[in-house]
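Here is a walk through a predicted model, taken in short steps.

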Amino acid sequence: MEPRDLEAQLELLHPLGFAWSVRCCRGDRVQAEDVLHLAYVKILEGRVKFEGRSAFKTWLFGIIRWTAYEQHRRGWVESLWLGRWWREWPDPAPDHAETIDSEKRVAQLKQALARLSKKQADVLHLVFYQDLTVHEAAEVLGMRPGTVRTHYERGKERLRVLLGAKELVR
Amino acid sequence: MTERDPIDDLREFFALSRDADAARAPSFDRVRRGRAGSRLRRRWLMWVASGSVVAAAAVAVVIGTRGSDERTAAVEPVRLRSATDFLLEMAPATVSAAVPRIGDVNDWFTLNGLGKESRT
């Protein structure tokens with residue numbers, strides 16, 4: 001892929017890539033920006049190459065996830081030295097529920113999502129927020145599709161339980 | 001009677017969140033450049049600072065160790081003089097000639113006036 005095309009693709013997917021980076025950084029928007037910057041540097045300097053074996057979005061999200069993991073591991077090592085004195089406090093992001101909609105239902109959804117396991121929450125984010133298929137979510141997370149589907153189904157079921165939904169009657 | 005599936009609410013919630021996040025995300029150009037004063041750019045400063053501290057500690061240890069050696073050399077060791085110290089000042093060949101038989105040290109000491117009988 002040409003560098004100009006690569007940059008154009010990255011710019012197109014930038015908002016979704018940032019949202020995924022925030023998810024990978026456990027809500028830390030400052031770190032998410034650093035992670036995304038590193039991912040862009042890796043891609044645009046040719047350190048990682050898109051070989052067309054999957055969708056570009058899936059490939060990009062996989063790079064972001066690995067970069068976040070590397071940064072998280074490095075941050076743990078740095079915190080043993082002087083790193084903790086250099087860390088910035090994350091920006092207090094405004095609550096989506098309060099910004100978008102103050103309905104009780106949205107607040108309940110946010111609470112229920114916070115109570116899911118990380119893997120279940122990641123899978124639901126990739127499928128519902130990022131509009132990926134279960135198979136594509138598996139590629140991003142580096143897991144088998146069957147495993148991701150299990151997390152997906154269990155995540156949805158747990159949400160239903162947490163939100164107190166009664167059994168549907170069709 | 002059908003109940004609303006909470007998963008439908010989830011889809012709606014994520015759709016709204018996506019729109020709000022897109023409006024609040026930092027620009028592509030800013031992320032591409034990297035934040036000014038970001039932790040990434042300051043990381044090299046941290047390693048320089050850490051390296052300086054380690055280097056200073058190593059220099060302090062080296063200086064401290066060398067200073068200790070010099071002080072030790074400046075002090076004359078205290079030795080107690082004993083009756084056999086003259087042997088240390090004799091040449092080895094002379095000592096061997098003076099003490100021909102190994103193990104017969106007691107006789108040699110007696111002959112040279114250094115045995116118990118010579119002490120009163």
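Over all chains, the count comes to eleven salt bridges. A salt bridge here is a side-chain nitrogen of Lys or Arg within 4 Å of a carboxyl oxygen of Asp or Glu. Side chains of opposite charge can pair when their charged atoms come close.

One salt bridge joins B:Arg32 to A:Glu7, with the closest N and O atoms 3.8 Å apart. This pair crosses between chains, from helix H2 (residues 28-33) of chain B to helix H1 (residues 3-12) of chain A. Helices are DSSP runs (H or I, at least four residues), numbered from the N terminus. B:Arg32 is partly exposed at 28% relative accessibility, and A:Glu7 is partly exposed at 29%. The scale is simple: buried is under 20% relative accessible area, exposed is over 50%, and partly exposed is in between (1.4 Å probe, protein chains only).

Another pair stays in chain A. A:Glu70 bridges to A:Lys42, the closest N and O atoms being 3.2 Å apart. The two are 28 residues apart and link distant parts of the chain, helix H4 and helix H3 (residues 29-44). A:Glu70 is partly exposed at 31%, whereas A:Lys42 is buried at 14%.

A:Lys156 is buried, at 12%. Shared partners also join A:Arg23, A:Lys118 and A:Asp122 into one network of salt bridges.

Now turn to the second largest pocket. A pocket is an open set of points on a 1 Å grid over the protein atoms alone, where a 1.4 Å probe fits, with protein on both sides within 12 Å along at least five of seven lines; lining residues have an atom within 4 Å of a point. This pocket has 15 lining residues, and A:Lys118 and A:Asp122 are among those nearest its centre. H4 of chain A gives the most to the lining, five residues.

Finally, find A:His14 in helix H2 of chain A. Is A:His14 buried or exposed? It is buried, at 4% relative accessible area.

Residues are numbered from 1 along each chain as its sequence is written, and chains are lettered from A in the order in which they are written. In this predicted model, local features need pLDDT of at least 70, side-chain atom pairs count only at pLDDT 80 or more, and totals for chains, interfaces and linings use all residues, while side-chain values use heavy atoms, leaving out hydrogens and water.
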